[in-house]
Amino acid sequence: MATVSAPQTTPPSSDKRPRLTAYRTIDLVTIATLGVACGVVFWGWSQAWNGISTLALFAAPPLLGLLAGPWLVGGILGGLIVRRPGAALATEFIAAFVEMLIGNQWGASTMVSGLLQGLGAEIVLAILLYRRFGPVAAGLSGALAAALEIFYEWHAYYGYWTWNYKLAYLGCTMLSGLVIAGIGGWLIVRAMAATGVLDAFGPGREHHDRTAV
């Protein structure tokens, strides 16, 4: 008697998604590597900031917020590349730790900044359920990272400022976080994916999907 085989069924794509919390060794190595690399860049930017911040262009103190973006990019890169809970926070925190170890003008408070900045990026990615990693997600991550940093700085450094100054500083820093850290970080990830170094991660696979003939 002939038998009819049950049709082959393909598991839904959601079933094939690895657990978000199932970190691979390469994820941990990448977070550490990104954190150290960003920490060195942060330190270099802190040295450049000493000179740039004295320019007449930044005579109004709130405008200094426009220079904050480069310090926020660590969490964006970690979050967009590794795409797992905690990656953005860990990358930014490691970067802040490395910057502090090398030596900057802010000392141990750099760790507080790194924690808050990474948390800002992490919150946005968590709200998006770690499923959206485009320019909007990146920009919002940079903006919230900036906002948490400025809430801290209001209390730590600028409690004597008027609210006009405080809000202007918040706006300038969030703009820098959105554009430089967010959109800039997203562009960096796309450029890295094009080189093939991110083939083991989502951005690398998406690059090949986009360029497949």
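Me: Is L129 buried or exposed?
Reply: L129 is exposed, with a relative accessible area of 56%; exposed means over 50% relative accessible area, buried under 20%, and partly exposed in between, with a 1.4 Å probe and protein chains only. Please note that this is a predicted model, in which local features need pLDDT of at least 70, side-chain atom pairs count only at pLDDT 80 or more, and totals for chains, interfaces and linings use all residues. Residues are numbered from 1 along each chain as its sequence is written, and side-chain values use heavy atoms, with hydrogens and water left out.

Me: Where does L129 lie?
Reply: L129 is in the loop between α5 and α6. Helices (H or I, at least four residues) and strands (E, at least two) are DSSP runs, numbered from the N terminus.

Me: What is phi of L129 near?
Reply: Phi of L129 is near 60°, a positive value in a residue other than glycine. Most residues other than glycine have a negative phi. Y130, which lies in the loop between α5 and α6, has a positive phi as well, near 55°.

Me: And is Y130 buried or exposed?
Reply: Y130 is buried, with a relative accessible area of 10%.

Me: Which loop holds Y157, and what does Y157 touch?
Reply: Y157 is in the loop between α6 and α7. Not counting residues up to four places away in sequence, Y157 touches W106, S109 and Y152, where contact means heavy atoms within 4.5 Å. Y157 is partly exposed, at a relative accessible area of 29%.

Me: Now T110. Where is T110, and which residues is T110 in contact with?
Reply: T110 belongs to helix α5, residues 109-127. Leaving aside neighbours within four places in sequence, T110 is in contact with A96, E99, M100 and N104. T110 is buried, with a relative accessible area of 6%.

Me: Changing topic: how many helices and strands are in the protein chain?
Reply: The protein chain has eight helices and zero strands. Its C-alpha trace spans about 90 × 35 × 30 Å along the principal axes, and buried residues make up 42% of the 213 residues.

Me: Which residues have the most contacts inside the largest nonpolar core?
Reply: They are F42, I76, L80, I81, V82, V189 and L198, in a core of 32 residues. A nonpolar core is a set of buried Ala, Val, Leu, Ile, Met, Phe, Trp, Tyr and Cys residues joined through side-chain atoms within 4.5 Å. α3 gives the most to this core, with six residues.

Me: What does V82 touch?
Reply: Not counting residues up to four places away in sequence, V82 touches Y23, D27, T30, I31, A87 and F201.

Me: What do the buried residues of α8 pack against?
Reply: They pack against α3 and α7. The buried residues of α8, which covers residues 202-211, are G202, P203, G204 and H207.

Me: Last topic: which residues does the UniProt annotation "transmembrane region" cover?
Reply: The annotation, from an unreviewed UniProt entry, covers residues 26-45, 51-73, 136-155 and 167-189. UniProt positions are given in the numbering used here, feature names are shortened, and annotations may be inferred rather than shown by experiment. In the model, residues 136-155 are 100% helix and 0% strand, with end C-alpha atoms 29 Å apart. Residues 51-73 are 13% helix and 0% strand, and their end C-alpha atoms are 21 Å apart.
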